[in-house]
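Okay, thanks for making the time, everyone. I'll walk through the DNA side and then the helix packing, so let me get the picture up.

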2 protein chains.
Amino acid sequence: MSIVHAMPGFLIRRLNQISMSVFQERMQRLGLDLTSVQFAALVALSENPGIDQATLAGLIAHDRVTIGGVVDRLVAKDLVARRINPQDRRARQLALTDSGATLLQRLIPEVQALQHDILAGLSAAEVAAFVTLARRTTEAGNDRSRAPLRPRD
Amino acid sequence: MSIVHAMPGFLIRRLNQISMSVFQERMQRLGLDLTSVQFAALVALSENPGIDQATLAGLIAHDRVTIGGVVDRLVAKDLVARRINPQDRRARQLALTDSGATLLQRLIPEVQALQHDILAGLSAAEVAAFVTLARRTTEAGNDRSRAPLRPRD
DNA sequence: GGCATTTGGGTAGTATGCTAACGATCAGCA
DNA sequence: TGCTGATCGTTAGCATACTACCCAAATGCC
């Protein structure tokens, strides 16, 4: 066993790899072509219609460039509408399309169900313990991230 | 607070974001241009000199394409030597250069020290609990990943 | 009003991290 | 020996995920 295999950084990368793979596999089985980042963006837009890309980036902890590409692809799939804000012509107002809202309602229970598969081998109590620790440390380390979480209000 | 912010998948992505950022920041402060993936590859090669790229990929849980690019960059930095295996002309034998071995010895204590910063806000006992849970679930979910860990022996 | 600063979005560039497909090569087997 | 299948590395393509930089537009301050 290598020394790297016990390092938190390595374990976290593996967790992320497994998480993304579980998500993608489920989407494929549903016949959908959607990533977990795109899902998070749809949820954020559903909860905050009319926000611009920079705000969206802060709500799901991404940089603006990445969000620009994600929104491009969501617009191309007709899940999100993007238009210039007349009050601030720099900004793009974002909102779910009808088709995006419909898809999201179908997706939410699926995505909630697959969270269980991500942490395979753990009991319900252990999953809860993991989530508690993860929430505390991501909050403590928020500003260490290059794209911190910036919740509204 | 959005419903996604409590999902394990989202928390894991945040953890990975913070982890990569902490690593990059430390490397920058050391005046080095090295990613965590490149570090993991150097460690694996130090522990297993002479392996080929596919074996290296399995040891640090990456697909062969990604490892090809990582090795390209390590060779360009003169940290790794790559040559065709005369016994199997498909394969590339990899080994650290002297400069790679020297750098790695300097890096290992630094990287071990920064692991602590990744899980900010947790006590030593909580870090240990996190690592235990993470190890168990990544082992259980190994084959769910697209690029599973394939240890030798 | 005029001007410096800030902000939103974009381009260019780099590195992961994956799929699908391909050529070269090797291993097993009739 | 010749064929079949597996394996190693690579290319092409896509989607994150960032930095650095730029332009346009809004904001704050005098």
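Before anything else, a polar contact here is a pair of N or O atoms within 3.5 Å; within protein, one must be able to donate a hydrogen and the other to accept it, and residues adjacent in sequence count only if both atoms are side-chain atoms. With that in hand, a backbone N or O atom of B:Ala54 sits 2.7 Å from a phosphate oxygen of DNA strand D.

Quick housekeeping. This is a predicted model, where local features need pLDDT of at least 70 and side-chain atom pairs count only at pLDDT 80 or more, while totals for chains, interfaces and linings use all residues. Residues are numbered from 1 along each chain as its sequence is written, chains are lettered from A and ligands numbered from 1 in the order in which they are written, and side-chain values use heavy atoms, with hydrogens and water left out.

Which helix gives the most to the surface near DNA strand D? Helix 4 of chain A, with 4 residues. Helices, by the way, are DSSP runs of H or I with at least four residues, strands are E runs of at least two, and both are numbered from the N terminus. By class, that surface has 7 nonpolar, 7 polar and 12 charged residues. Nonpolar here is Ala, Val, Leu, Ile, Met, Phe, Trp, Tyr, Cys and Pro, charged is Asp, Glu, Lys and Arg, and the others, Gly among them, are polar.

Now DNA strand C. It has 25 residues around it, and A:Arg64, A:Arg90, B:Thr35, B:His62 and B:Arg73 come nearest. A polar side-chain atom of A:Arg90 lies 2.4 Å from a base oxygen of DNA strand C. For phosphate oxygens of DNA strand C, look at the side chains of B:Thr35, at 2.4 Å, and B:Arg73, at 2.4 Å. Of the atoms of DNA strand C within 4 Å of the protein, 67% belong to sugar or phosphate and the rest to bases. The largest share of this surface, 4 residues, comes from helix 4 of chain B.

On to packing in chain A. Helix 1 (residues 8-29) and helix 5 (residues 98-118) of chain A pack at about 140 degrees, axes 10 Å apart. Axes are lines fitted to C-alpha atoms, for helices over the stretch in contact, and angles run from 0 to 180 degrees between N-to-C directions. These two helices of chain A are therefore oblique to each other: under 35 degrees is roughly parallel, over 145 roughly antiparallel, 65 to 115 roughly perpendicular, and the rest oblique. The contact between helix 1 and helix 5 of chain A has 9 nonpolar, 1 polar and 3 charged residues.

Helix 2 (residues 36-47) of chain A also meets helix 5 of chain A: the axes come within 11 Å and cross at roughly 120 degrees. That makes helix 2 of chain A oblique to helix 5 of chain A. A:Phe39, A:Leu42, A:Val43 and A:Ser46 meet A:Leu104, A:Leu107, A:Ile108 and A:Val111 there, contact meaning heavy atoms within 4.5 Å.

Note on methods: A residue is near a molecule or strand if one of its heavy atoms lies within 4 Å of it.
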